[in-house]
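Subject: Structure for you to look at

Hello,

Here is the structure I promised. Please open it beside this email and follow along.

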Amino acid sequence: METLVEGVFARLFAGDVHPRDVALHLARALEDSTVAGVPATHYTVHLHPADAAALLAVQPPLGPVLAGELLRLAREAQLTLPAPPQVTLLADATQKPRAISIRADTPLPPASDTQTMAPVSAGPGRTPPRAFLILEGERTVTLTTPIINIGRRFDSDIIVDDPRVSRAHAQLRLRFGHYMLYDLGSTGGTFVNGQRVVEFVLRPGDVISLSGVPLIYGEDAPGAPASRSNTQDQRAQRGATAPLPLPPKDALP
């Protein structure tokens, strides 16, 4: 997606709707349809009429360019689509300016059509990275599930008992083999490497701040031994501490 934004889309788009926003909405729609069982092939992008007019005036036609990027994403995610994706941009008077909504469908062939659809397979998918979070330089929590909620609430997957942290502060979500960090409307904000973010694709070494509470995101190299045992993970979830070969707490940004 970064290549997409910095390449052809950056030259084509001149309106208020940024290509990154359209591309991310399409990627989410593809993933959500896959989770539901069948990857979608037809995508309708609903836009405010002024935004739609600006995007539809782009040459070459934007729909096929977006469809090509969706096909590339599906191949990278090892998804088999029943047909090449199609993307249609639609002016919708009910949409607010700069708002984007996606309708994703997988049309079935007519009942009289004797041709069968190509088999659909989600494939083996991407193995989640051997990722972990270091909380305040004192404890490590291994990330093993696709959705991880972080906050002060007792039912959070990772509890951060600090008054600066909101009850439901942030969420980690696995998308196409990478963990993405989402701010859940927290009071103090979520920051990565000093920059406030709403959503962010994490990379090893990223320093996260939840209203000033520091966390470090890391990943074990493929084939490396696990950083912690299951027992240690369980103790970490309960707030137990363990010595780590990391800089002292006061050295964190």
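How many salt bridges does a search of the whole structure find? The search finds 5. Before we go through some of them, please keep in mind that this is a predicted model.

**Salt bridges**

Start with R28 and E199. These two form a salt bridge, and their closest N and O atoms are 2.1 Å apart. The pair links distant parts of the chain. R28 sits in helix α3, residues 19-36, while E199 sits in strand β12, and 171 residues separate them. R28 has 21% relative accessibility, so it counts as partly exposed. E199 is at 26%, so it counts as partly exposed too.

Next, find D155 and R153. Their closest N and O atoms are 2.7 Å apart, and they form a salt bridge. Is D155 buried or exposed? D155 counts as exposed because its relative accessibility is 52%, and the cut-off for exposed is over 50%. R153 has 33%, so it counts as partly exposed.

Then go to D162 and R164. Their side chains meet in a salt bridge of 3.0 Å, N to O. D162 counts as buried because its relative accessibility is 12%, and buried means under 20%. R164 is at 42%, so it counts as partly exposed.

**The open sheet**

Now look at the strands. What is the order of the open sheet of 5 strands? The order is β7-β6-β8-β9-β12, and the pairing is mixed. The edge strands are β7 (158-159) and β12 (199-201), and each of these pairs on one side only.

Strand β8 covers residues 170-175, and strand β9 covers residues 178-183. They pair in the antiparallel sense over 6 bridges.

**Around strand β14**

Strand β14 runs over residues 213-219. Of its 7 residues, 6 are buried, so the strand is largely enclosed by the rest of the structure.

What pairs with β14? One partner is β4, which pairs with β14 in the antiparallel sense over 5 bridges. In this pairing, A131 stands opposite E219 in β14. Another partner is strand β13, residues 207-210. β13 and β14 run antiparallel and are joined by 4 bridges. Here I208 stands opposite L215 in β14.

β13 and β14 form a hairpin with 2 residues between the strands. In that hairpin, S211 takes a positive phi near 55°.

R98 has a positive phi of about 70°, although it is not a glycine. Where is R98? R98 lies in the loop between β2 (86-91) and β3 (100-105). Its relative accessibility is 54%, so R98 counts as exposed.

E136 is also not a glycine, and its phi is positive at about 55°. You will find E136 in the loop between β4 (131-135) and β5 (139-143).

**A histidine to visit**

H46 is in strand β1, residues 42-47. Is H46 buried or exposed? H46 counts as buried because its relative accessibility is 16%. The side chain of H46 makes a polar contact of 3.1 Å with the side chain of D92. Leaving out residues up to four places away in sequence, H46 touches L90, D92, Q95, A99, I100, S101 and R103.

**How confident is the predictor?**

The protein averages a pLDDT of 74, and 68% of the residues score at least 70. Which elements have the lowest and the highest mean pLDDT? Helix α6, residues 230-237, has the lowest, at 40. β13 has the highest, at 95. That is the β13 of the hairpin with β14.

Two stretches need a note. Over residues 4-15, pLDDT stays under 50, and the model has 19 contacts beyond four places in sequence for them. Over residues 226-249, pLDDT also stays under 50, and here the model has 34 such contacts beyond four places in sequence.

Best wishes

Note on methods:
Residues are numbered from 1 along each chain as its sequence is written. This is a predicted model: local features need pLDDT of at least 70, side-chain atom pairs count only at pLDDT 80 or more; totals for chains, interfaces and linings use all residues. Side-chain values use heavy atoms; hydrogens and water are left out. Two strands pair if DSSP finds at least two bridges between them. A salt bridge is a side-chain nitrogen of Lys or Arg within 4 Å of a carboxyl oxygen of Asp or Glu. Buried means under 20% relative accessible area, exposed over 50%, partly exposed in between (1.4 Å probe, protein chains only). A polar contact is a pair of N or O atoms within 3.5 Å; within protein, one must be able to donate a hydrogen and the other to accept it, and residues adjacent in sequence count only if both atoms are side-chain atoms. Contact means heavy atoms within 4.5 Å. pLDDT is the predictor's confidence in each residue, from 0 to 100.
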